[in-house]
Amino acid sequence: MTTATGSIWRTRWATTDDLPALEALMTRAIDALQAGLLSPAQIAASHAVMGLDTQLVRDGTYLVAERDGTIAGCGGWSRRATLYGGDHSTALRDPALLDPARDPARIRAMYTDPAFARQGVGRLILRGCEEAAAQAGFAGVELMATLSGERLYRVAGYVPVEQVVANAGGVGVPMMRMRKSLAADAV
């Protein structure tokens with residue numbers, strides 16, 4: 001995908017060498033992109049329920065978008081039951097494998113560096129993850145959207161399933177569980 005400045009976004013599957021850069025990007029994204037949508041306490045609590053899930057990288061299902069060698073965004077898909085959360089949010093983890101004939105794949109850990117927000121990075125990563133999930137035999141996908149990501153997902157065809165409040169240290173963080181069909185014309 002070519003940007004307005006003529007640079008090209010490139011996507012590739014993340015490796016363990018990317019982990020420090022991904023973790024830093026996620027911290028910046030949580031802090032900056034939720035400002036104005038969540039209170040400072042909710043943003044701080046978001047770090048307890050969001051973040052880096054190295055299982056996605058180990059599974060080879062975590063995509064990064066970069067331009068000129070700089071990672072601008074990241075996100076993944078998973079055939080595991082975990083819907084959201086990072087390595088540190090152990091209560092949210094469920095490594096059980098999903099059945100593509102019955103279960104939707106999971107879209108996970110979508111983050112855009114604030115310096116690259118609203119430049120198509122999220123759409124590019126989301127499309128790549130949806131295509132990979134469809135190629136793996138999944139007919140649908142499900143995700144847990146933050147308030148800052150919900151608009152992107154609605155525009156991409158996701159529909160709300162339920163409102164959720166994730167609790168971290170007594171602070172509620174509003175989220176939206178969403179789904180999408182991966183019919184041939186939807187991807």
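**Turns, strands and a pocket**

Mentor: Start with D68, which counts as exposed because its relative accessibility is 67%. Keep in mind that this is a predicted model.

Trainee: Where is the place of D68?
Mentor: D68 sits in the loop between strand 2 and strand 3. Those two strands form a hairpin with 2 residues between them.

Trainee: What about the phi of D68?
Mentor: The phi of D68 is positive, about 55 degrees, although D68 is not a glycine. Most residues other than glycine have a negative phi.

Trainee: OK, and R118, what is its phi near?
Mentor: R118 has a positive phi near 60 degrees, and R118 is a residue other than glycine. Look for R118 in the loop between strand 4 and helix 4.

Trainee: Is R118 buried or exposed?
Mentor: R118 counts as exposed, because its relative accessibility is 79% and the cut-off for exposed is over 50%.

Trainee: Back to the strands. How do strand 2 and strand 3 pair?
Mentor: Strand 2, residues 62–67, pairs with strand 3 in the antiparallel sense, over 6 bridges.

Trainee: How many bridges join strand 3 to strand 4?
Mentor: There are 5 bridges, and strand 3 and strand 4 run antiparallel. C74 has Y111 in strand 4 as its bridge partner.

Trainee: New topic. How many aromatic pairs does the structure hold?
Mentor: The structure holds 3 aromatic pairs. One of them joins W77 and F138, edge-to-face, at 6.1 Å centre to centre with 70 degrees between the planes. W77 is in strand 3 and F138 is in the loop between helix 4 and strand 5, so the pair ties together parts that are 61 residues apart in sequence. Both W77 and F138 are buried.

Trainee: What about Y153 and Y158?
Mentor: Y153 and Y158 form an aromatic pair that is edge-to-face too, with 5.8 Å centre to centre and 65 degrees between the planes. Y153 and Y158 are both buried.

Trainee: Let's do the largest pocket. How much space lies in it?
Mentor: The largest pocket holds about 830 Å³ of space. It is lined by 38 residues, and the closest to its centre are T112, S148, G149, L152 and Y153.

Trainee: Which elements give two or more residues to that lining?
Mentor: They are helix 1, strand 4, helix 4, strand 5 and helix 5. Strand 4 gives the most, with 6 residues.

Trainee: And how do the lining residues divide?
Mentor: The lining of the largest pocket has 23 nonpolar residues, 11 polar and 4 charged.

Trainee: Last one. Which strands are joined to strand 7?
Mentor: Strand 5 is joined to strand 7 by 7 bridges, and these two run antiparallel. The bridge partner of G140 in strand 7 is S181. Strand 6 is also antiparallel to strand 7, with 9 bridges. Here V159 has R179 in strand 7 as its bridge partner.

Trainee: What sits between strand 6 and strand 7?
Mentor: The two form a hairpin with 2 residues between them, and G169 in the turn has a positive phi of about 60 degrees.

Conventions: Residues are numbered from 1 along each chain as its sequence is written. This is a predicted model: local features need pLDDT of at least 70, side-chain atom pairs count only at pLDDT 80 or more; totals for chains, interfaces and linings use all residues. Side-chain values use heavy atoms; hydrogens and water are left out. Two strands pair if DSSP finds at least two bridges between them. Helices (H or I, at least four residues) and strands (E, at least two) are DSSP runs, numbered from the N terminus. On a 1 Å grid over the protein atoms alone, a cavity is a set of points where a 1.4 Å probe fits but cannot get out, and a pocket is an open set with protein on both sides within 12 Å along at least five of seven lines; lining residues have an atom within 4 Å of a point. Grid points are joined across faces, edges and corners, and a volume is the space filled by probe spheres set on the points. Ala, Val, Leu, Ile, Met, Phe, Trp, Tyr, Cys and Pro count as nonpolar, Asp, Glu, Lys and Arg as charged, and the others, Gly among them, as polar. Rings of Phe, Tyr and Trp (its six-membered ring) pair if their centres lie within 6.5 Å; planes under 30 degrees apart count as stacked, over 60 as edge-to-face and the rest as tilted. Buried means under 20% relative accessible area, exposed over 50%, partly exposed in between (1.4 Å probe, protein chains only).
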